[in-house]
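Trainee: Could you take me through the aromatic pairs and buried positions of this model?

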Amino acid sequence: MDFFEYASFAEYFVNTTNRWIIYLVGGLCFLIVFIFQAVALFTIAKREGYKNKWMAFIPFFNTYYIGVCAQKNKCFNAINAKTVGIVTAVFEFVLVAAYIVYYVAYSYVEPYLYYEEVTTMFGVGRLYHLGDVPANLAWAAWCYSYLDTILSYVDLVYLLANISLLICFFQTYASRRYILFAITSVIFPVSGILFFVVRNNKGVNYRDYVRGEQARQYKMYQQYQQYYNRQQPGYDRNPYERNPYENAPEENQQPRQAPPDDPFGGLGASGGNSDTPFDDFNN
């Protein structure tokens, strides 16, 4: 499918009306990126010990082999990556075959196309119509009129499967930036170059990677807490848990004072046991 994307890009940058030149430029760009992807998958498979490494160099088979290399992770934690690879490869094959038929049909009916200029919110554009086509080209007229619409729905299913496959792959070999790499590969046909960038990374299970990152961050937090407590003694203790004078150094302790004398003590009977000065008069 990347071939047609490169052909679409080439149509904007190659100043020619000859579609075969556009296809040639798009095909060269696709071939370069395809080689990068094949080398990356072969390198990964060799390091990880996966069989049938030759699939990395065969179109459609290499799409399935992406799932083989990403098998340490599952799509939605339920579907095996190899299964996703098979589904993506099948839809890719159907789409490529159907688009080839569509462009062949377009080449046959192109002489019978005419257009009218229409004004839209984006400016003046062209609206194409298909004129009278000979009976022997009825199949081409049908493909041009309806096949493109049908392929748009099939392309949507392929896109969802391809996104899932890319997420599994980049979760395995680029866990820290897998969302960025997956989105970039979907928007631009550069997945092969990104595969080549991460080819030397060891494959991991993404959930094990997340748990390891959480354990590492928690360990760093504990180390920070221990360092902070050493630098700020006493701030991590509850002041109400103990008597602040208990076991304090002698120089910091205040001596206990005797209670003051009774101011009325001298008014009582001399040598008496009474606590009040009026008890002697009652005797």
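This is a predicted model: local features need pLDDT of at least 70, side-chain atom pairs count only at pLDDT 80 or more; totals for chains, interfaces and linings use all residues.

Mentor: Residues are numbered from 1 along each chain as its sequence is written, and side-chain values use heavy atoms, with hydrogens and water left out.

Trainee: How many aromatic pairs does the structure hold?

Mentor: Rings of Phe, Tyr and Trp (its six-membered ring) pair if their centres lie within 6.5 Å; planes under 30 degrees apart count as stacked, over 60 as edge-to-face and the rest as tilted. By that rule the structure holds 18.

Trainee: How many residues apart are Phe 36 and Phe 196?

Mentor: Helices (H or I, at least four residues) and strands (E, at least two) are DSSP runs, numbered from the N terminus. Phe 36 is in helix H2 (residues 19–48) and Phe 196 in helix H7 (residues 191–197). The pair links distant parts of the chain, and the separation is 160 residues.

Trainee: Which residue lies over the face of Phe 196?

Mentor: A charge sits over a ring if NZ of Lys or CZ of Arg is within 6 Å of the ring centre and within 35 degrees of the ring normal. Here the distance from the ring centre is 3.8 Å, and the residue is Arg 199.

Trainee: Is Asn 73 buried or exposed?

Mentor: Buried means under 20% relative accessible area, exposed over 50%, partly exposed in between (1.4 Å probe, protein chains only). Asn 73 is found in the loop between H3 and strand S1 (74–75). Because its relative accessibility is 0%, Asn 73 counts as buried.

Trainee: Which residue has its backbone oxygen 3.1 Å from a polar side-chain atom of Asn 73?

Mentor: Contact means heavy atoms within 4.5 Å. Leaving aside neighbours within four places in sequence, Asn 73 is in contact with residues including Cys 168, Thr 172 and Val 204. The backbone oxygen at 3.1 Å belongs to Val 204.

Trainee: Within what arc do the buried residues of H6 fall?

Mentor: In helix H6 (residues 178–187) the buried residues are Tyr 178, Phe 181, Ala 182 and Ser 185. The arc is that of the directions from the helix axis to the C-beta atoms. These residues line one face of the helix because, seen down the axis of H6, they fall within an arc of 95°.

Note on methods: A polar contact is a pair of N or O atoms within 3.5 Å; within protein, one must be able to donate a hydrogen and the other to accept it, and residues adjacent in sequence count only if both atoms are side-chain atoms.
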